[in-house]
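Colleague: Could you take me through the ligand site in this one? I'd like a close look at that part alone, with the cut-offs spelled out.

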Amino acid sequence: MPETRDTLILSLESSCDETAGAILRNGREVLSQFVASQVDLHRAYGGVVPEVACRAHMECLLPGVETLFREAGVRPADLAAVAATNRPGLIGALLVGVSAAKGLALAWNKPLIGVDHIEGHIAAAGLAEPELAAPYVALVVSGGHTNVYLVPEDNPGRGGMVCLASTLDDAAGEAFDKAAKLLGLGFPGGPRIEAAAREGDREAYAWRNACLPPDGTNFSFSGLKTAVLYAARGRAGRKGPLLLDARGVADAAASFQEAVTHALVSRTVRAAKEHGVRWLALGGGVAANGYLRRALRDEAERRGLRVAIPPMSLCTDNAVMIGARAHALFMAGVTDGLELETAAR
Ligand code: KG4
Ligand code: ZN
């Protein structure tokens, strides 16, 4: 039985290819959660197919919510609010979660809270490191985003974050997925590149600075992708046969991972120094990469910065991070009406 002062929030996440739900107490304590991955459904297509994602979200979401209440031992009447990711993501996929949240909020007469997926990824870092305090610099790296943000001290509401750097072309996770395909490693690319890289030489290819465009601020992954293409398939292009043996694939994977990591870590640490903050936060699916996690920790330590990194399970898409962000919004008095909209960007 929840204490009367407890704030219980049901949160839903359906922005891409994970259907997830959670019930959190006071924004930190996870009473129950589920993540239904669709990776096996999309593997045959080598990437996420929006229609397939929507159908799977519709099948998994409400049965998942029933399980959440059973496992948490609470009732809908105990909730303070119902939250769902409403942006950014695949528009149809977002609509499934937001429509479900609207229906539940209406039926149970609870406030509705729309959560920005990126802000959710950043909230996951705060769950891992309760001492994380704004102002801080956050690096969000996922299949759709590669952004460095300044999270200002006074950020209870929405839209307070300042984007300091972003990608000029592909997102970092997208680059991992594409490089994995070129190297014949399959889908999803991130974990496969990471595994292959363990056996490889990160200096085999001179790619270290390939993701640092001359503007001195942002990221670019398309040049590195082309370099991987030529190394893996030569002049024949994407459809050509793989020219590398296992050792060569491992070397290319390690050199690729080093280039992406070097760009992400150096730009993020520099942003922290420029803005005089003492904390760094990391979030998003690519933050599950062990090489990146270690590199950011090491560089932060060298520069006297503290760093908040979520456990792996909270890096890839989940609803716990959405619940954590929803709780912060709720406590700041920010809720939405049933007219809440979804947005792809
Ligand atoms: O945050 P997320 O689960 O979904 C989006 O919001 O996009 O991120 C998914 C991305 C994929 O591109 C996937 O390849 C990448 O995160 N990823 C990784 C690793 N695990 C997942 N990238 C590098 N190393 C990993 N271990
Ligand atoms: Zn994500």
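**The ligand 1 site and its zinc**

Modeller: Of the 17 residues around ligand 1, the ones that come nearest are Gly143, Asp177, Glu194, Gly285 and Asp317, where near means a heavy atom within 4 Å. Bear in mind that this is a predicted model, where local features need pLDDT of at least 70, side-chain atom pairs count only at pLDDT 80 or more, and totals for chains, interfaces and linings use all residues. Side-chain values use heavy atoms, without hydrogens or water, residues are numbered from 1 along each chain as its sequence is written, and chains are lettered from A and ligands numbered from 1 in the order written.

Now the metal: His117 (NE2), His121 (NE2) and Asp317 (OD) coordinate the zinc ion (ligand 2) at 2.0 to 2.1 Å. Donors here are N, O and S atoms within 2.8 Å of the metal (3.2 Å for Na, K and Ca), and with water not among the atoms, sites may look incomplete. Along the chain the donors are spaced H-x3-H-x195-D. His121 counts as buried because its relative accessibility is 1%, and Asp317 does too, at 13%; buried is under 20% relative accessible area, exposed over 50%, partly exposed in between (1.4 Å probe, protein chains only).

Back to ligand 1: one of its oxygen atoms is 3.2 Å from a polar side-chain atom of His117, and an oxygen atom of ligand 1 lies 3.1 Å from a side-chain N or O atom of His121. A backbone N or O atom of Gly190 is also 3.1 Å from an oxygen atom of ligand 1.

Key: A polar contact is a pair of N or O atoms within 3.5 Å; within protein, one must be able to donate a hydrogen and the other to accept it, and residues adjacent in sequence count only if both atoms are side-chain atoms.
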